[in-house]
Amino acid sequence: MNRVYRHLVTSLLVGGLLFCSARAFAEETPRLAHGLVNPQIDSIKRDQKGFGWNGGWVLSNRHPALFVDAKPKQASGSAIQHEALIQGSVERNNPLRRELKETYQDQELFLRFRFRYAADQKPRDEGEFFVFWLDRYEGSDKAVHANHVPNIGVHIASSGPQKGKVVFMVRIGSQQTAWSSVELERDRDYMVVGRLSKPEKSLRAGFTRFDLWVDPKPGELGEPVASTVNPQSVNAVRWVGFATGLKTELEDRIYVSDLVLSRTWSDVLDLSPGQIPKLAGKKKTAWSKPVNFEKEIYPLLKSRCFNCHAGTNPDSGYRLDVHEELLGFSTGETLIVPGDSEQSKLIELVSTQVAETRMPPVDAGAALQKEEIAKLRAWIDQGAKWDYALLPTPKTESDHWAFQPVKRPEVPQVKSSKPIRTAVDAFLARAWNKAGIKPVPEADRGTLIRRLYLDLTGLPPSAEEIEAFEFNTDPRAYEKLVERLLASPHYGERWARYWLDLTRWAESHGYQHDLPRPYAWRYRDYVIESFSADKPYDVFLKEQLAGDELTPYADEHVIATGFLASARISGNNMDKAAQRNDVLVDIVNVTSSALLGLTLECAQCHNHKFDPLTQRDYYRLQGFFVNGQLGNLSLKGDGLPNPTEMNVWMPKGTYDFYQREAKKLINRKRFAHTREPHTWGYYSPLTGQAEIERLPVVNRDPIPYSAEQLKQTKSQILIRGDVHKRGPEVGKGWPAVLGATTSGSDQLSRTALAEWLTDRKNPLVSRVWVNRLWQYHFGRGLVATPSDFGVQGEPPSHPELLDWLASELMEQGWSTKQIHREIVLSSAYRQQRSFNEANLKRDPENRLLWSWPRRRLEAEVIRDSILCATGELKREVGGPSVPQEREEQNLRRTIYLFQRRSEMPSVMAMFDAPDSVTSCSRRQVSTVALQPLFMLNSQFMDRRAQVLAEKITEDVGEDHGQQVTQAFERVLGRKPNAQERERSLVFFEGEETADATPRRLSMLCHALMNLNEFMYIP
């Protein structure tokens, strides 16, 4: 009886289980997953599940897929709104992949996707490779997914009647490929269908058979166009994706959409719009009553949150007292999602059971009660309504002096013991009178001409020029000398160097490999020519920020984009999103620092701690640059020099390294040499001139270039500066504290940015530029922190003088040379360097300029002055650079020495030249042992002293007295005084042989070139 009973119970249990299983299977929907249909389903967010997926699409960091609007004829009458655009990469790439919600191990799996291979843009097709793969694992961006992994797609047939043609194929491993007879037609829409099956219904059995159909009809289940069998195959599918290979060229464009994974043939062929999945509805809130913000939410936030999360710059970094900040307005971190408390971070933080992350923190009080959390949930689910009268949105404004409009002050009427020659003198004299400062006398003419030459051209005057000026009786001799020097082509070389410091320009990419940029010298020449021509500063900025956009087209404009293209590029970063973002960060930081005098880089990861600048400001400014990329850009070359022998201007080691890396890229079909004229610049395929061609770049692993991707790129806040944590889109714009950005900011171009920068209402650009000019003349700006006009920067020593110069710059057509005239024609500029104890007590730092400030020559001027003294300097302007290893054969100005970031010319490295890594607003001046060692012991200096001695001997013979006189005149621009002459002649008396005379003269010349008098502006 017990045995019968047990048998009956067992039968009932088994029958019940079978019944339950059968009913579950009967209720099971055939469709497993659906994607590539619309933006709601095809998110790239990790937490966006979609229909049948465990998260959003994963994009390749190297060559990611793009989502584009579906073709009109495809979208017509269809629910498919967009498709994925996959571009060629000339390498293995997995641009688009996604994880299934559950691992699939049943006996049969059907799939379909729509597919179109666009026609080649360039007629150099060498075949195609594109597949859809199904695997247990995700793999990496470059994973092959070919070893015993099912693939379906197109490839070049290696056998059969279609050998050598691009046909549809199916394979399970590359050795088990079945070629169809269907040849690929370009620009045709296909529906590709596959069936992956096991020989038996077993979890352990592999998917050994793969069948392919192209545009099948419902009755063609038994008629695949190709089938393959491989006993060694995966037994489960968890990840699917699309892949390209070496045969896909950079110009190839592949469009896929409407991806379906299903259990049945009928379902996979069902194209009805009703089959498009819809997102699940939102959960009902646990709090059904309407929530009153003023009476229920505000008191809760005030008592439990505002101590740490309210007010300007809270320590926590998050504000809960501003509605926009809860929505991530300035930081990108969305704390609430109105209408969806489940997706709101605020609810997650207040309801978590993890003490370390709970809000309020453990040490700040007890956790919120369940009723309080429920009210917060309900408030969010009901739309998170806000009382702006109770908690208004703070205005972005500041009373800081630098953010106020530039107003032209009246030139003061003052009495002074010195002539009031320009407005500069009037403002300075007023400050002297107020501080009780007694100005020092004017310098002698010999000092003034040397000062002007070195300051305006970076070259010393000859002894003849000094003598002529000293004896010139023309009352306007000084003014005429100033005009002559401003008109000199060497003026542009001198002042271009200051600008190149700001732009961190160099002729290489930087970072570890530091590969050269062969034609970066064109931008250096553009800057030199612009300063020499006194190009208006507003035009100068517009060409550099938006040269590729300007019409009519001009090679000069394209070359000018070298300002943006001076950013460094890592060749060793496999994270392509980070590699590209590093360049954008560099561009934004330098643009804001050099042009606006703001430390906006502090807002890259969080709102600025001191200035009214937010992360939103940072990424809106970055928005002007996200649609472009650095690279070699084509030029029309009309009348443009086009040297092509790069080994002439590159050091041998650098050139050989460049050629080796270029060869690697050529072998990978990612680079090709050209002899057509081009330059290193910045180009946007969205806003730039269509006639500009962006050419490939040589780097260890270049940033991939995709015109389509750049056109679609939108500026987003990067949460905490992390490129892989993207916040909301923010469009394009300038810092809100400087004025509201015009409506339709998404459509703004870099031309609009340049026009805003140079608008009369902009309070910073003109002030920053005239302050830099003042600093370059006197060694210290009216604002001592030239790239920080923010709250933490130094206030101006003469605020009204700064504003007068800024307004004068704009009223004089943005003429830089006009500001030079105001400064160098002043009595203040003509002062002696003289000590006055009373003045020193009142102004120990000489901020009021009662004496000429001591300034050591920069590295370039030291070397150039030495070559002037020896008569060896070649003064031609512009052209390719000179490698230092061959400088003896071409002794040009130092600005023309090849400037690789990791191998800067020796004299520049010794004498505090910038490293071209960041913008340099003011060079440091150090005094270290290596400097005199270089000046005394280097082969370069020894050779210069010998050459100078030889030339002096050729001119005056063996007369020691004349030799001494000429040595002083050629090096210091003056005759020796009696004591100097006597000591020099005594030096010659120690000769023992006739052969010693040239060496003694060489040593004297060498000593003179080491004097402070030679190394400092007098």
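Leu 59 stands opposite Leu 96 in strand S5, where S2 and S5 (residues 93-104) pair in the antiparallel sense over two bridges. Two strands count as paired here if DSSP finds at least two bridges between them. This is a predicted model, so local features need pLDDT of at least 70, side-chain atom pairs count only at pLDDT 80 or more, and totals for chains, interfaces and linings use all residues. Residues are numbered from 1 along each chain as its sequence is written, and side-chain values use heavy atoms, with hydrogens and water left out.

**Sheets**

- S2 and S5 belong to an open sheet of seven strands with antiparallel pairing, in the order S2-S5-S14-S7-S8-S9-S10.
- Strand S2 (58-59) and strand S10 (177-183) form the edges with a single partner strand each, so one side of each has no neighbour in the sheet.
- Another open sheet has three strands, ordered S17-S16-S18 and paired antiparallel. Its edge strands, S17 (678-683) and S18 (694-695), each pair on one side only.
- Strand S16 (residues 629-634) runs antiparallel to S17 and is joined to it by six bridges; Gln 629 stands opposite Tyr 683 in S17.

**Nonpolar cores**

- The largest nonpolar core has 168 residues, and Trp 499 and Trp 774 have the most contacts inside it. A nonpolar core is a set of buried Ala, Val, Leu, Ile, Met, Phe, Trp, Tyr and Cys residues joined through side-chain atoms within 4.5 Å.
- Helix H16 (residues 576-596) gives the most to this core, with ten residues.
- Apart from this core lies another, of 50 residues, including Trp 53, Phe 168, Trp 239 and Phe 242.
- Not counting residues up to four places away in sequence, Trp 774 touches Val 424, Leu 428, Gly 779, Arg 780, Gly 781, Leu 782, Leu 801, Leu 805, Ile 823 and Leu 849. Contact means heavy atoms within 4.5 Å.

**Helix H20**

- Helix H20 (residues 750-757) is mostly covered, with seven of its eight residues buried. Buried means under 20% relative accessible area, exposed over 50%, and partly exposed in between (1.4 Å probe, protein chains only).
- Those buried residues are Arg 750, Thr 751, Ala 752, Leu 753, Ala 754, Trp 756 and Leu 757.
- They pack against helix H14 (537-546), H16, helix H17 (615-622), S17 and helix H21 (765-778).

**Asp 135**

- Asp 135 sits in strand S7 (residues 130-135) and counts as buried, at 8% relative accessibility.
- Leaving aside neighbours within four places in sequence, Asp 135 is in contact with His 145, Val 149, Val 234, Ala 236, Val 237, Arg 238 and Trp 239.
- Asp 135 and Arg 484 are 349 residues apart along the chain, and their C-alpha atoms are separated by 75 Å.

**The whole chain**

- The protein chain contains 32 helices and 22 strands. Helices (H or I, at least four residues) and strands (E, at least two) are DSSP runs, numbered from the N terminus.
- Its C-alpha atoms fill a box of roughly 135 × 80 × 55 Å, taken along the principal axes.
- Of the 1018 residues in the protein chain, 56% are buried.
- Among contacts in the protein chain with a separation of 6 or more, 71% come from residues 24 or more positions apart.
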